[in-house]
Amino acid sequence: MKILVTGAKGFVGRNLVEALKTIRDGKDRSRGIDTDIEIFEYDIDTAPELLDAYAAECDFVFHLAGVNRPLDEKEFMEGNFGFTSTLLDLLKKHKNKAPVLITSSIQAALDNPYGKSKRAGEELIFRYGEEHGVRVCVYRFPNVFGKWCRPNYNSAVATFCYNIAHDLPITINDRNHMMTLVYIDDVLDELIRALKGEENRNGRYCAVPVEHNITLGEIADLIYGFKRSREDLSVPDVTDGSFSKKLYSTFLSYLEPDNFSYKLTMNRDSRGSFTEILRSANAGQFSVNISKPGITKGQHWHNTKNEKFVVVKGHGLIQLRKIGSDDVVNYEVNGDEITVVDMIPGYTHNIINLSDTEDLVTFMWANECFNKDRPDTFFEEV
């Protein structure tokens with residue numbers, strides 16, 4: 001299959017081309033598409049004569065090219081109608097009946113220069129499909145967000161993410177303004193379904209089935225929360241399909257390379273150190289504990305709090321004893337055989353570094369974040 005992508009260097013185009021490459025190279029076999037594909041990338045800086053060659057050979061057309069921020073309003077019609085007409089004329093010239101997919105905008109329903117130009121391009125595609133018996137897919141996208149979207153251009157989400165990541169101010173005229181958004185990965189899923197002839201249709205138009213409705217103020221608050229998360233160690237809701245999961249991934253893509261890492265606070269004493277890594281609202285707390293040679297830590301129990309200990313380096317002994325009992329349960333652990341040991345509610349427990357020379361490094365998870373006002377932690381030696 002030979003696939004033509006116009007606007008290949010734009011936001012959606014770049015993401016689509018990279019997704020198609022993972023299919024072509026056999027890295028993504030989940031799409032159900034034969035890996036024997038060839039990608040024709042066309043953009044504003046591509047030699048015009050190549051479009052004629054691509055139109056002669058292609059088996060499917062993703063027409064993503066368009067104009068949305070021109071210097072002169074007449075460029076709207078030239079870019080969104082004129083180029084579409086040129087593309088279709090070339091397909092007709094070569095009697096190529098490859099399916100054509102075009103990405104339009106919800107602004108096509110509005111009576112402004114941009115909307116008129118997008119609507120004109122849609123009608124041109126619809127007529128072409130009817131007159132030549134070609135399958136056409138017309139998508140009116142709402143606001144699309146995700147990695148590689150250009151900030152300070154025409155995307156509030158991209159601008160907010162970029163500016164907040166770079167400690168720059170943002171402007172919100174109406175916090176209650178409701179936005180309808182689609183995430184780039186959901187867009188790609190739909191476009192690739194269309195490539196297979198499985199597009200999601202709603203009347204004469206096609207649509208991305210997953211949309212998110214949220215106010216500008218709520219978006220800004222979430223992103224500022226992501227920015228603070230390196231200090232309070234919080235993580236957003238990353239439930240599969242959640243808006244915050246998608247927005248957080250988008251925010252991270254706007255960080256500069258020298259800002260990918262951040263230091264944590266190591267609470268040190270003579271016994272070693274304890275470092276919190278993450279705190280989550282629904283998935284508890286993640287930490288790293290380092291015990292010096294011969295040191296015993298713990299010696300406490302919990303009512304509801306429970307933990308998982310995983311020794312990743314060194315040689316240690318984990319002991320548990322049920323409150324009111326004299327029977328001690330022993331687990332000898334080491335970093336060469338990764339083992340999870342549960343700290344059971346109602347059992348006092350400890351962890352002992354059995355080495356005389358090596359630190360004991362333990363990854364720990366607790367089902368709740370530590371709360372100094374209600375620690376649910378009671379000292380008692382095992």
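I count a residue as exposed when its relative accessible area is over 50%, and as buried when that area is under 20%. I am working on a predicted model.

**Entry 1: Lys95**
I looked up Lys95 with that cut-off in hand. Its relative accessibility is 74%, so Lys95 counts as exposed. I found Lys95 in the loop between helix 3 (74–93) and strand 4 (100–105). I then checked its backbone. Lys95 is not a glycine, yet its phi is positive, about 50°.

**Entry 2: Asn152**
I turned to Asn152. Phi is positive here too, near 55°, in a residue other than glycine. I placed Asn152 in the loop between strand 6 (143–145) and helix 5 (156–165).

**Entry 3: Ala194**
I moved on to helix 6 (residues 184–195), which holds Ala194. The relative accessible area of Ala194 is 0%, so I logged Ala194 as buried. What does Ala194 touch, leaving out residues up to four places away in sequence? I listed Phe60, Leu101, Arg135, Cys137, Tyr139 and Glu199. I also took a distance to His212. Ala194 and His212 lie 18 residues apart in sequence, and their C-alpha atoms are 21 Å apart in space.

**Entry 4: second largest pocket**
I looked into the second largest pocket and noted a volume of about 540 Å³. Its lining has 26 residues. Which of them lie nearest the centre? I wrote down Phe274, Asn289, His300, Glu307 and Met364. I sorted the lining by residue class: eleven polar, eight nonpolar and seven charged.

**Entry 5: the whole protein**
I stepped back to the overall fold. I counted eight helices and 22 strands. The radius of gyration is 28 Å, whereas a compact globule of 382 residues would have one near 21 Å. Along the principal axes, the C-alpha atoms fill a box of roughly 90 × 50 × 40 Å. I found 44% of the 382 residues buried. I also checked contacts with a sequence separation of 6 or more; 72% of these join residues 24 or more positions apart. The exposed surface comes to about 19900 Å², and carbon and sulfur atoms supply 49% of it.

Methods
Residues are numbered from 1 along each chain as its sequence is written. This is a predicted model: local features need pLDDT of at least 70, side-chain atom pairs count only at pLDDT 80 or more; totals for chains, interfaces and linings use all residues. Side-chain values use heavy atoms; hydrogens and water are left out. On a 1 Å grid over the protein atoms alone, a cavity is a set of points where a 1.4 Å probe fits but cannot get out, and a pocket is an open set with protein on both sides within 12 Å along at least five of seven lines; lining residues have an atom within 4 Å of a point. Grid points are joined across faces, edges and corners, and a volume is the space filled by probe spheres set on the points. Ala, Val, Leu, Ile, Met, Phe, Trp, Tyr, Cys and Pro count as nonpolar, Asp, Glu, Lys and Arg as charged, and the others, Gly among them, as polar. Helices (H or I, at least four residues) and strands (E, at least two) are DSSP runs, numbered from the N terminus. The radius of gyration is taken over C-alpha atoms; the globule rule is 2.2 Å times the number of residues to the power 0.38. Buried means under 20% relative accessible area, exposed over 50%, partly exposed in between (1.4 Å probe, protein chains only). Contact means heavy atoms within 4.5 Å. Accessible areas come from the Shrake-Rupley method with a 1.4 Å probe; for residues, only the protein chains shown count as cover.
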